[in-house]
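Here are my notes on this model, as numbered points. Please read them with the structure open.

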Amino acid sequence: MQKTVFFDLDGTVLDTLPDIAKSANYALVELGYPKQSIETVRCAIGHGIRNLLKDLMGCNDVAILEKCREIFKEHYDLHKADTTKPFDGIIDVLKELKDDGYKLVLISNKYDGATKDLAKRFFGTMFDGAYGSRDDIAAKPDREIFEFVCKDMGFAQSGIVYVGDSEVDCEFAANCGMTFIGVDWGFRSRARLEEAGAVVIVSSPKKLKEEIIKTIG
């Protein structure tokens, strides 16, 4: 297998929940919708900002949803790193994998600009690439973003491990023929990951590294 590992961002390498919830509630209140609890936001994260806001608002009006998305992005661009931080131990593991010759790439359903900015801000050059949601490419769990990244990075579309924290990530890995490793410190419980079909689930970055090495070598 090629020594390549793709990672989800939110809930996998970065704890972004408080900042996402703050910006989502700011946008909701601006448009006259009630605030939602952080747990409600946690359960709705995974399918991108449009779907997050749609679920929180219970609204199908395209124009209102787009306005809410614009307000969210304006706020989030200013506050996306207020409390966001890497999960304990993840930076050490990424450094060790990088030093061992692994290629590391982020693939997120967070919009592309924020994905790239957060990757650079918190991880510097540890990731060889960072790819977020774009209007011209179908997002996870569709395999289009996977094919785009592989072509852009010059990777073969086989022998890749995907690390994530949600059922979206599990489905994405299955759709793309990647080996999935779930982490249970993110936005979904171990039980939710198991229900989604995850076979390997780890509870610490140390165990994550062990599973990556076991799978790829």
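1. Contact here means heavy atoms within 4.5 Å. The model is a predicted one. With that cut-off, I49, R50, L53, K54 and M57 of helix 3 meet I64, L65, E66, C68, R69 and F72 of helix 4. By class, this contact has seven nonpolar and four charged residues, with no polar ones.

2. How do helix 3 and helix 4 cross? Helix 3 covers residues 49–57. Its axis and that of helix 4 come within 10 Å and cross at roughly 115 degrees. Angles of 65 to 115 degrees count as roughly perpendicular, and that is why helix 3 is roughly perpendicular to helix 4. The crossing is right-handed.

3. Next, helix 1 and helix 4. Helix 1 spans residues 17–30, and helix 4 spans residues 62–79. The two axes come within 8 Å and cross at roughly 140 degrees. That angle makes helix 1 oblique to helix 4. Helix 1 passes helix 4 in a right-handed crossing.

4. Which residues make the contact between helix 1 and helix 4? From helix 1 come D19, I20, K22, S23, A24, Y26, A27, L28 and E30. From helix 4 come C68, I71, F72, H75, Y76 and H79. Sorted by class, there are nine nonpolar, three polar and three charged residues.

5. Helix 1 also meets helix 3. Their axes come within 11 Å and cross at roughly 60 degrees. Helix 1 is therefore oblique to helix 3. This crossing is right-handed. I20, A24 and L28 of helix 1 are in contact with L52, L53, L56 and M57 of helix 3. By class, the contact has seven nonpolar residues, no polar and no charged ones.

6. Now the cores. The largest nonpolar core has 51 residues. Those with the most contacts inside it are V5, F7, V13, F72, V163, L208 and I212. Helix 1 gives the most to this core, with six residues. A second, separate core has 21 residues, including F6, A173, C176 and M178.

7. What does V13 touch, leaving aside its neighbours within four places in sequence? Its partners are F7, D8, K85, P86, F87, I90, L106, F123 and F127.

8. V93 sits in helix 5, residues 90–99. Is V93 buried or exposed? Buried means under 20% relative accessible area. V93 has 6% relative accessibility, so V93 counts as buried. Leaving aside its neighbours within four places in sequence, V93 is in contact with P205, K206 and K209. The C-alpha atoms of V93 and A191 are separated by 25 Å. Along the chain, V93 and A191 are 98 residues apart.

9. K140 and P141 are joined by a cis peptide bond, with omega about 10 degrees. Where is P141? P141 lies in the loop between strand 5 (129–133) and helix 7 (144–153).

Key:
Residues are numbered from 1 along each chain as its sequence is written. This is a predicted model: local features need pLDDT of at least 70, side-chain atom pairs count only at pLDDT 80 or more; totals for chains, interfaces and linings use all residues. Side-chain values use heavy atoms; hydrogens and water are left out. Axes are lines fitted to C-alpha atoms, for helices over the stretch in contact, and angles run from 0 to 180 degrees between N-to-C directions. Helices (H or I, at least four residues) and strands (E, at least two) are DSSP runs, numbered from the N terminus. Angles under 35 degrees count as roughly parallel, over 145 as roughly antiparallel, 65 to 115 as roughly perpendicular and the rest as oblique. A crossing is left-handed if the near helix is turned anticlockwise from the far one by less than a right angle, and right-handed if clockwise. Ala, Val, Leu, Ile, Met, Phe, Trp, Tyr, Cys and Pro count as nonpolar, Asp, Glu, Lys and Arg as charged, and the others, Gly among them, as polar. A nonpolar core is a set of buried Ala, Val, Leu, Ile, Met, Phe, Trp, Tyr and Cys residues joined through side-chain atoms within 4.5 Å. Buried means under 20% relative accessible area, exposed over 50%, partly exposed in between (1.4 Å probe, protein chains only).
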